[in-house]
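This briefing covers the fold, the packing and a few local details of one protein model. Please read it alongside the sequence and the coordinates.

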Amino acid sequence: MQKSVRYNEGHALFLSAVARKEGTKRGYLSKKTAENSRWHEKFFALYQNILFYFENEQSARPAGIYLLEGCTCERVPAPKMSTTGKEALEKQHYFLVVFGHDGQKPLELRTEEESECDEWVEAIQQASYSDIIIEREVLMQKYIHLIQIVETEKVAANQLRTQLEDQDTEIERLKAEIVALNKTKERMRPYHVHHEHEDPDIKKIKKVQSFMRGWLCRRKWKIIVQDYICSPHAESMRKRNQIVFNMVEAETEYVHQLYILVNCFLRPLRMAASSKKPPISHDDVSSIFLNSETIMFLHEIFHQGLKARIANWPTLVLADLFDILLPMLNIYQEFVRNHQYSLQVLANCKQNRDFDKLLKQYESNAACEGRMLETFLTYPMFQIPRYIITLHELLAHTPHEHVERKSLEFAKSKLEELSRVMHDEVSDTENIRKNLAIERMIVEGCDILLDTSQTFVRQGEFLSAHSGVLSLIDCTLIEEPDASDEECKFTEAAA
């Protein structure tokens, strides 16, 4: 005899009381019973991913509990009824809660107001514990970033406070010197000339002299400013600013590519893996998209920091942003180590026709612009070398006495060290990406090309003699690592 499932009734009653007082959504709904298909009005309360219903709003104990994790909710049309009940049905708005596991009948509910129905559907769709965890991780990353910014601002404030104290001391010293000079000047002046008894011609001469001194001073400063604008230092600063602007544009494009990878491929495939007949397992999704979502969150924070620095132009300080980014780059190393295995898993999954059809449907999305999933998985592989090139160009136009030169050099050295570790792994994954691209060009497919031990050598055109006729064939050469030149395999891609 099968035993019934046990649960903590006291904890369930506590959660129902919390849901009735502080639930995300509460109100009366009509519920369709499974026994006689009749509608009964119940008081419902939604708390996190648990839906309680009571006989009425004053009931202390819930009449039923539904766990909403993994379910879907959507509006449905009114059921077909007789003509007599048609007017009453038109005033009702129905929606359906479908549970993700077999054997569980959908929950049919209805409301009298359309706005109330939409609010319930939206609340149930968002009642996912996994979404709450993801949102918490995003908020935690933002919180850590803000804490680091606050610490940086505190250090800057202490430095400014020290400078202000030094300047106050210098001002007091200069005031004392001015007082001493005025006293000396008074002692050396033989007599005091009153301005009211000064000759009018002398006043005019002094005005002309004052005007000429002002004009000469303005002319001198104009020449100094023009000389600086044409100087190599000013040209170097302009180039440095342009490099930073280009870096912001490139980072914007990269964040957009990561957004497409996560929202057009990762999250839809994760939902597909939770379906009744999944075309792919959750483990395969995790293997293919390892750290992709974390990388997107990291670069969204980095991109926001770059835009904040641009808002403070012309003072562009970037070293502290790289100080925040460097400790998190170990996720890139994990992504590179897993990249070869992720492409192997993707190639194996594509042998499943349902998965291959679903993947082509995702790739046909207008946001992908005709690019395949392998292309989006390759973008993070080249982000570290791009940062190294940008820092190299930035240091070329940063003076040696610049306040953040040492920090930029340290960031560049760390990125170069990480790039050397990743170099061999990038080369291996590039071979697999080439082989997969060639395999897609063959209409009927070719299992031999999916062997990861093969090495991509060369791609181009050559002349082939067949039946006495020379023809130009576009082909690709792929060889085994331990094969001789005579054992190389040629694969015709197009005649």
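Buried means under 20% relative accessible area, exposed over 50%, and partly exposed in between, with a 1.4 Å probe and protein chains only. The model is predicted, so local features need pLDDT of at least 70 and side-chain atom pairs count only at pLDDT 80 or more, while totals for chains, interfaces and linings use all residues. Residues are numbered from 1 along each chain as its sequence is written, and side-chain values use heavy atoms, with hydrogens and water left out.

**Overall make-up**

- The protein chain has 14 helices and ten strands; helices (H or I, at least four residues) and strands (E, at least two) are DSSP runs, numbered from the N terminus.
- Of the 495 residues in the protein chain, 35% are buried.
- Among contacts with a separation of 6 or more, 58% join residues 24 or more positions apart; contact means heavy atoms within 4.5 Å.

**Nonpolar cores**

- A nonpolar core is a set of buried Ala, Val, Leu, Ile, Met, Phe, Trp, Tyr and Cys residues joined through side-chain atoms within 4.5 Å.
- The largest one has 62 residues, and Phe265, Phe289 and Phe322 touch the most other members.
- Helix H6 (residues 232–273) supplies the largest share of this core, 15 residues.
- Another core, of 20 residues, lies apart from it and includes Phe44, Cys71, Val121 and Ala127.
- Not counting residues up to four places away in sequence, Phe322 touches Met247, Phe302, Leu391, Leu408 and Ala411.

**Helix H1**

- Helix H1 (residues 9–22) has 14 residues, which at 1.5 Å a residue should span 20 Å, and its end C-alpha atoms are 20 Å apart, in agreement; the expected span is 1.5 Å times one less than the number of residues.
- The buried residues in H1 are Ala12, Leu15, Ser16, Val18 and Ala19.
- These residues cover an arc of only 165° around the axis, which puts them on the same side of H1; the arc is that of the directions from the helix axis to the C-beta atoms.
- Exposed residues Phe14 and Lys21 sit on the face of H1 turned away from its buried side.
- Strand E1 (25–32), E2, E3 and strand E4 (64–67) are among the elements that cover the buried residues of H1.

**Helix H13**

- Helix H13 (residues 383–396) has 14 residues and reaches 20 Å from its first C-alpha to its last, close to the expected 20 Å.
- Gln383, Ile384, Tyr387, Ile388, Thr390, Leu391, Leu394 and Leu395 are buried in H13.
- Seen down the axis, the buried residues of H13 fall within an arc of 165°, so they line one face of the helix.
- Ile389, His392 and Ala396 are exposed on the other side of H13.
- An α-helix has 3.6 residues a turn, so residues three or four places apart point the same way.

**Aromatic pairs**

- The whole structure holds nine aromatic pairs; rings of Phe, Tyr and Trp (its six-membered ring) pair if their centres lie within 6.5 Å, and planes under 30 degrees apart count as stacked, over 60 as edge-to-face and the rest as tilted.
- Phe43 and Phe54 form a tilted pair, at 6.3 Å centre to centre and 50° between the planes.
- Phe43 is in strand E2 (residues 39–47) and Phe54 in strand E3 (residues 50–54), eleven residues apart.
- Both Phe43 and Phe54 are buried.
- Phe376 and Tyr379 form an edge-to-face pair, at 5.7 Å centre to centre and 85° between the planes.
- Phe376 is buried, with a relative accessible area of 1%.
- One aromatic cluster is formed by Phe44, Tyr53, Tyr66 and Phe99.

**Cysteines**

- A disulfide is a pair of cysteine sulfur atoms within 2.5 Å, and the count by this rule is zero.
- Cys73 is in no disulfide, and the nearest cysteine sulfur, that of Cys71, is 7.1 Å away.
- Cys73 counts as buried because its relative accessibility is 6%, whereas Cys230 counts as exposed at 68%.

**Positive phi**

- Most residues other than glycine have a negative phi.
- Asn291 has a positive phi near 65° and is found in the loop between helix H7 (282–288) and helix H8 (292–311).
- Asn291 is buried, with a relative accessible area of 16%.
- Glu369 has a positive phi of about 55° and lies in the loop between helix H11 (353–363) and helix H12 (373–378).
- Glu369 counts as exposed because its relative accessibility is 62%.
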